[in-house]
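Subject: Structure for your review

Dear colleague,

Please find below the structure that I am handing over to you. My notes on what was found in it follow directly after.

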Amino acid sequence: NRLFTTDEDIQVKCKLLYSLAYQEMADEGMDLKTKTIEVTETDGEKGYEVYSLPKCKQIKRVVAMDENNNEITGDYKFLGEKIQISNQITANYVIEYIPFPTVITEDTEDDFELEIPQNLQMFLPYLVAYDLFATDPAQDNTAFLAAFNRKRERLITNKKGISAKITEGEL
C-alpha cells in the first residue's frame, strides 16, 4: 500500500477494496490446513473424548494413523463444532480443513501474506481494479472484468487437464 500512495485515506480504501476481492477469491481456493489430535488408549472406562474442531469453512477429511504413521480405521463422530474420538485406540487423528481467510481491515499490516494460492493472487488486482472503477463514469471497468474472467477461465481449464490418445507410429 505504501508503494501506491502516501495518502493514508487512499491506503485504507485500497485495503478495503482488496478485502472484498480477497474474500471472493478465497471461495475459489484456499490452502488446506491440518489439526492433529493425539489420542492415547485408556485403561479405565471406555468411551469418547470430546475435542473442538477448528473454526473453518469445511472439514475435508479426518485420517487416523497409528504410531508408525500407517492409516487405520478411526472411531469418531461429529457433534456440532466438536468431534468425539474413541479412547479405545492409540492414534493420531489428522483433521484436514479449509480455513476461513483472514479478513483484511484498515488495521491489517501492509506485509500481510495472502492465504490463497499464488495462481489466484496473480489475478486478484484485476478484480480490485474492476471494483475500483465501477462507479467512475469516465472509466470503462469492463476491460478489467474481462481480463479477470479470461485469466480465471484459463486457471479452471488448466485444472481439468488435457488428455490425448496417441498411437505409436502415427503422426
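Two strands are taken as paired if DSSP finds at least two bridges between them. Please bear in mind throughout that this is a predicted model.

The sheet. Four strands make up an open sheet, in the order E1-E7-E3-E4, and their pairing is antiparallel. Strand E1 (33–39) and strand E4 (71–72) are the edge strands; each has a single partner strand, and therefore one side of each is left without a neighbour in the sheet. In general, the strands of a sheet pair through backbone hydrogen bonds, in either a parallel or an antiparallel manner.

Strand E7 and its partners. Strand E7 covers residues 91–99 and is joined to E1 by seven bridges, the two running antiparallel. Within this pairing, Ile37 stands opposite Tyr93 in E7, and Thr36 has Val94 in E7 as its bridge partner. Strand E3 (residues 56–65) is joined to E7 by eight bridges, again antiparallel; Met65 has Asn92 in E7 as its bridge partner. Eight of the nine residues of E7 are buried, so this strand is largely enclosed by the rest of the structure.

Helix H1. This helix comprises 19 residues (residues 8–26); at 1.5 Å a residue they should span 27 Å, and the end C-alpha atoms are 26 Å apart, which agrees. The buried residues of H1 are Gln11, Lys15, Leu17, Ser19, Ala21, Tyr22, Met25 and Ala26.

With kind regards

Terms used: Residues numbered from 1 in each chain as written. Predicted model: local features only at pLDDT ≥ 70, side-chain atom pairs only at ≥ 80, totals over all residues. Heavy atoms only, no water. Expected span 1.5 Å × (residues − 1). Buried < 20%, exposed > 50% of the residue type's maximum accessible area, 1.4 Å probe, protein only.
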